[in-house]
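Me: Please take a close look at a single part of this structure. I would like to know what it is built from, what lies against it and which residues make the contacts.

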Amino acid sequence: MEVLRSILSCFSSSSRTRARPGAQSHHGLWSSRASDKNKSMVEQLQRYGVIRSTKVAEVMEAIDRGLFVPLGGTPYHDSPMPIGYNATISAPHMHAACLELLEKNLQPGMRALDVGSGTGYLTACFALMVGPEGRAVGVEHIPELVATSIENIKKSAAAPQLNDGSLSIHVADGREGWPELAPYDAIHVGAAAPQIPEALIQQLKPGGRMVIPVGTVFQELKVVDKKLDGTVGLRDETSVQYVPLTSKESQLHAR
């Protein structure tokens with residue numbers, strides 16, 4: 001992961017940040033002109049060394065990012081894109097990095113939780129990784145985004161798993177996770193917490209892994225590994241900049 005860590009340290013500002021009217025786009029690994037199709041986007045991520053896993057490449061090729069970015073956006077540009085409600089969809093390199101970090105915990109039959117699931121892109125990727133014998137769960141506290149994400153997934157390669165119930169999206173406070181289907185082999189958090197929520201640690205299965213940005217002004221993408229004896233190991237992966245993991249009201253009124 002050393003190459004990945006180096007790349008992410010250079011481009012950490014491309015992670016999931018608050019969309020500000022009139023703000024300039026964050027600089028990613030390539031411009032929109034360099035990649036105008038989903039397959040080309042994945043090939044760029046492989047070229048830059050962000051994607052090394054064949055499985056991650058296959059899944060990101062199968063789930064077309066263009067289905068999850070609002071009309072008028074540039075879905076294959078390596079940049080976060082606004083999705084409304086003071087939220088964004090992360091840059092492709094951040095999604096790829098998190099899938100790489102979680103791959104061993106996204107094997108067929110495993111359970112995955114996506115906190116702050118937004119337009120549903122990463123939850124759909126998780127669903128393909130764990131397969132219909134596993135469970136992929138998204139939680140998002142903006143009801144309109146949950147409705148949009150379900151419609152997006154219906155158009156994607158993950159639609160069969162939405163239909164059979166092995167993929168589900170729920171309106172909920174992500175800080176509380178989704179205890180009904182815990183424990184989870186993999187947990188991804190798409191917003192920065194001032195500290196790691198205890199509820200998410202409790203819902204992580206022994207042997208499981210969580211990837212979560214932590215901090216306020218300065219943030220680190222942390223990798224949390226729960227050992228088989230229940231103890232927790234923690235390491236920093238890279239510096240990032242994400243929207244805060246907060247209440248629905250605070251997010252909607254953020255400036």
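Reply: A residue counts as buried when its relative accessible area is under 20%. By that cut-off, 56% of the 255 residues of the protein chain are buried. The model is a predicted one. The chain has 9 helices and 9 strands. Of its contacts with a separation of 6 or more, 60% are between residues 24 or more positions apart. The part I have picked is the sheet, together with the helices around it.

The sheet is open and is formed by 7 strands, in the order β5-β4-β3-β6-β7-β8-β9, with mixed pairing. Its edge strands are β5 (167-171) and β9 (232-240), each of which pairs on one side only. From one strand to the next, the twist averages 15 degrees. In general, the strands of a sheet pair through backbone hydrogen bonds, and the pairing is either parallel or antiparallel.

Strand β4 (residues 135-140) pairs with β5 in the parallel sense, over 5 bridges. Within this pairing, E140 stands opposite V171 of β5. Helix α6 (residues 143-154) packs on the sheet here, where it touches β4 and β5. The direction of α6 makes about 165 degrees with that of β5.

Next in the order comes β3. Strands β3 and β4 also have a parallel pairing, over 5 bridges, and D114 faces G138 in β4. Because 4 of the 5 residues of β3 are buried, the strand is largely enclosed by the rest of the structure.

Then come β6 and β7, which pair in the parallel sense over 4 bridges. H188 has V211 of β7 as its bridge partner. In β7, 9 of the 12 residues are buried, so this strand is largely enclosed by the rest of the structure. D185 belongs to strand β6 (residues 184-189). This aspartate counts as buried because its relative accessibility is 10%, which is under the 20% cut-off. Leaving aside neighbours within four places in sequence, the contacts of D185 are N105, M110, R111, L204, K205, G208 and R209.

Now the helix over this side of the order. Helix α4 lies across β6, β7 (204-215), β8 (219-226) and β9, and runs at about 155 degrees to β7. The helix spans residues 92-102 and is mostly covered, with 11 of its 11 residues buried. That set includes H93, H95 and E100 as well as M94, L99, L101 and L102.

Helix α4 also packs against another helix. Two packed helices are described by the angle between their axes and the distance between the axes. For α4 and α5, the angle is about 35 degrees and the axes are 11 Å apart. Their crossing is right-handed. On the α4 side the contact is made by H95, L99 and L102, and on the α5 side by Y121, L122, C125 and F126.

Y121 leads on to an aromatic pair. A pair of aromatic rings is described by the distance of the centres and the angle of the planes. The count for this model is 1 aromatic pair. The ring centres of F68 and Y121 are 5.6 Å apart and the planes are at 75 degrees, so the pair is edge-to-face. It links distant parts of the chain: F68 sits in the loop between α3 (54-62) and β1 (81-84), while Y121 is in helix α5, 53 residues away. F68 is counted as buried because its relative accessibility is 1%. Y121 is counted as buried too, because its relative accessibility is 2%.

T119 is placed in the loop between β3 (111-115) and α5 (121-130). With a relative accessible area of 5%, T119 is buried. The T119 side chain reaches the backbone oxygen of F68 at 2.8 Å. Not counting residues up to four places away in sequence, T119 touches F68, I83, I89, S149 and N152.

To put the part together: α6 touches β4 and β5, α4 lies across β6, β7, β8 and β9, and α5 packs with α4.

Note on methods
Residues are numbered from 1 along each chain as its sequence is written. This is a predicted model: local features need pLDDT of at least 70, side-chain atom pairs count only at pLDDT 80 or more; totals for chains, interfaces and linings use all residues. Side-chain values use heavy atoms; hydrogens and water are left out. Buried means under 20% relative accessible area, exposed over 50%, partly exposed in between (1.4 Å probe, protein chains only). Helices (H or I, at least four residues) and strands (E, at least two) are DSSP runs, numbered from the N terminus. A polar contact is a pair of N or O atoms within 3.5 Å; within protein, one must be able to donate a hydrogen and the other to accept it, and residues adjacent in sequence count only if both atoms are side-chain atoms. Contact means heavy atoms within 4.5 Å. Rings of Phe, Tyr and Trp (its six-membered ring) pair if their centres lie within 6.5 Å; planes under 30 degrees apart count as stacked, over 60 as edge-to-face and the rest as tilted. Two strands pair if DSSP finds at least two bridges between them. Axes are lines fitted to C-alpha atoms, for helices over the stretch in contact, and angles run from 0 to 180 degrees between N-to-C directions. A crossing is left-handed if the near helix is turned anticlockwise from the far one by less than a right angle, and right-handed if clockwise.
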